[in-house]
Amino acid sequence: MAIDKVKEYFKTFGIDDRIKEFDVSSATVQLAAQALGCEPGRIAKSLSFKTDSGPILIIAAGDVKIDNAKYKQQFHTKAKMLTPNEVTELIGHPVGGVCPFAINNGVCVYLDISLKKYASVFPACGSSNSAIELTITELEKYSCFSAWIDVCKNI
């Protein structure tokens, strides 16, 4: 299971005990915010896209959505999300648990500036009922991101 890969990944940094697993689903921003008792914006949602150079993940605040014009300017292509089957196959985690940790080789991770308004955020951990609280500095460290980008607009 993908959550086991994420636990092993975080174990190498000695923080696997910070992963929270819930008795309820946290597969959507709203469900995760309810499970954690936080505002939806603090959920670090992972958005999976196809590009000419391969699959990418954009990690963004839960209260924003992709701005197609900004995306096209950044990546020089139209935003095309992966299908649920492609997400599992290409990223390495199922929809609802996608995160930038313990992902498949060749996946490029970007962090959207929408996250910077929070001291800490909650990305998933490979399953539809898990999360971990990370500071923005920790998210940068553990996600092995390529760059900060600005491709979202407020919902």
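**Entry 1: Glu 86 and Lys 50**

I looked up the pair Glu 86 and Lys 50 and found a salt bridge, with the closest N and O atoms 3.1 Å apart. I use the term for a side-chain nitrogen of Lys or Arg within 4 Å of a carboxyl oxygen of Asp or Glu. Glu 86 lies in helix α4 and Lys 50 in strand β2, so the pair ties together parts that are 36 residues apart in sequence. Here helices (H or I, at least four residues) and strands (E, at least two) are DSSP runs, numbered from the N terminus.

The model is predicted: local features need pLDDT of at least 70 and side-chain atom pairs count only at pLDDT 80 or more, while totals for chains, interfaces and linings use all residues. Residues are numbered from 1 along each chain as its sequence is written, and side-chain values use heavy atoms, with hydrogens and water left out.

I then checked accessibility, where buried means under 20% relative accessible area, exposed over 50%, and partly exposed in between (1.4 Å probe, protein chains only). Glu 86 is partly exposed at 22%, and Lys 50 is partly exposed at 35%.

**Entry 2: Other salt bridges**

How many salt bridges does the structure hold? I noted 6. In one of them, the side chains of Glu 138 and Arg 18 meet at 3.0 Å, N to O. Glu 138 belongs to helix α5 (residues 136–143) and Arg 18 to the loop between α1 (2–11) and β1 (20–21), so this pair ties together parts 120 residues apart in sequence. Arg 18 is partly exposed, with a relative accessible area of 30%.

I also recorded a salt bridge between Lys 117 and Asp 63, whose closest N and O atoms are 3.5 Å apart. Lys 117 sits in the loop between β6 (108–112) and β7, and Asp 63 in the loop between β3 (54–61) and β4 (64–66); the two are 54 residues apart. Lys 117 is partly exposed at 47%, as is Asp 63 at 26%.

**Entry 3: The cysteines**

A disulfide requires two cysteine sulfur atoms within 2.5 Å. My search of the whole structure gave 0 disulfides. Cys 108 is partly exposed at 23%, whereas Cys 144 is exposed at 58%.

**Entry 4: The largest pocket**

I found that the largest pocket has a volume of about 350 Å³. Of its 25 lining residues, the closest to the centre are Ala 27, Lys 45, Ser 46, Gly 96 and Val 98. On a 1 Å grid over the protein atoms alone, a pocket is an open set of points where a 1.4 Å probe fits, with protein on both sides within 12 Å along at least five of seven lines; lining residues have an atom within 4 Å of a point. Grid points are joined across faces, edges and corners, and the volume is the space filled by probe spheres set on them.

Which element supplies the largest share of the lining? Strand β2 does, with 6 residues. Elements that each supply at least two residues include α2 (29–36), β2 (43–51) and α4 (84–91).

**Entry 5: Around helix α3**

Finally, I looked at helix α3 (residues 68–75) and found Asp 67 capping its N-terminal end, with a side-chain oxygen 3.0 Å from the backbone nitrogen of Ala 69. After α3 comes His 76, whose phi is positive, near 60°.

How values were computed:
A polar contact is a pair of N or O atoms within 3.5 Å; within protein, one must be able to donate a hydrogen and the other to accept it, and residues adjacent in sequence count only if both atoms are side-chain atoms.
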